[in-house]
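Dear colleague,

Please find below the structure that I am handing over to you. My notes on it follow directly after.

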Amino acid sequence: MKQPDALIFDMDGTLWNAVDAYVTCWNEAFLLHKIPIHFEREDLEKHLGKEIKKILKEVLPEYPEEVRNKFFASTLQFCNNEVLKKHAFLFPYVKEGLALLSSKYKLLMLSNCEKGDISKMMRFGGVDAYITDYIEYGMNYLPKYRNMQLLKDRNSLQNPVYIGDTDGDRIQSDKAGIPFIFVSYGHGYSENYSLRFDSFKALTDYFMQL
């Protein structure tokens with residue numbers, strides 16, 4: 001792996017943990033739409049990192065797309081600021097680490113989330129000053145590897161790396177031709193990566209010493 005000039009971060013499972021908030025919102029939407037499903041944390045966690053259309057198809061295979069879309073719109077309404085303040089949080093050392101890393105690298109974000117979710121996370125976490133650019137799936141509905149390439153091109157990057165917590169992130173990084181850095185403290189797993197870190201502190205220390 002070449003010396004990186006930028007670090008591109010995934011959001012959920014990499015920088016912050018909002019699973020409990022999402023579970024609360026999905027369960028409220030199940031009740032509203034009279035869908036006989038109740039999620040526990042692990043039920044939603046296994047889907048994180050995928051595009052929302054794929055998640056909805058897996059969770060609600062017997063429902064038409066129109067119903068799925070209305071259901072998901074309800075989840076977004078339920079995931080308001082109060083729910084996020086109560087149930088979502090940055091992983092340990094993320095804010096401190098991003099502050100340090102931003103002094104040496106361009107920091108960017110890329111997530112398969114809806115439009116507005118990254119800015120909401122940055123605002124809650126107080127890290128918006130450290131992020132140079134970002135793309136959300138809800139902005140253009142392109143696969144993650146295409147958006148990695150877009151971020152690389154529009155920021156004139158030579159050797160970026162992508163940092164995430166699932167094997168899906170690794171697959172998309174491979175397609176984009178960008179090294180994948182795996183963080184094991186998140187929601188998923190991967191057995192293939194250029195580097196692995198078990199904490200954000202360890203990740204920060206490594207890249208600050210390069």
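**Asparagine 17 and the cysteines**

A polar contact of 3.4 Å joins the side chains of asparagine 17 and arginine 41; a polar contact is a pair of N or O atoms within 3.5 Å, where within protein one must be able to donate a hydrogen and the other to accept it, and residues adjacent in sequence count only if both atoms are side-chain atoms.

This is a predicted model, in which local features need pLDDT of at least 70 and side-chain atom pairs count only at pLDDT 80 or more, while totals for chains, interfaces and linings use all residues. Residues are numbered from 1 along each chain as its sequence is written, and side-chain values use heavy atoms, with hydrogens and water left out.

Asparagine 17 has a relative accessibility of 7% and therefore counts as buried (under 20% relative accessible area; exposed is over 50%, partly exposed in between; 1.4 Å probe, protein chains only). Leaving aside residues up to four places away in sequence, asparagine 17 touches Arg41, His87, Ala88, Phe89, Phe91 and His187 (heavy atoms within 4.5 Å).

The whole structure contains 1 disulfide (a pair of cysteine sulfur atoms within 2.5 Å). This disulfide joins cysteine 25 to cysteine 79, with an S to S distance of 2.2 Å. The torsion about their S-S bond is about 115°, so the disulfide is right-handed. Both cysteine 25 and cysteine 79 are buried.

Cysteine 113 is likewise buried, at 7% relative accessibility. Its sulfur lies 12 Å from the closest cysteine sulfur, that of cysteine 79, which is too far for a bond.

With kind regards
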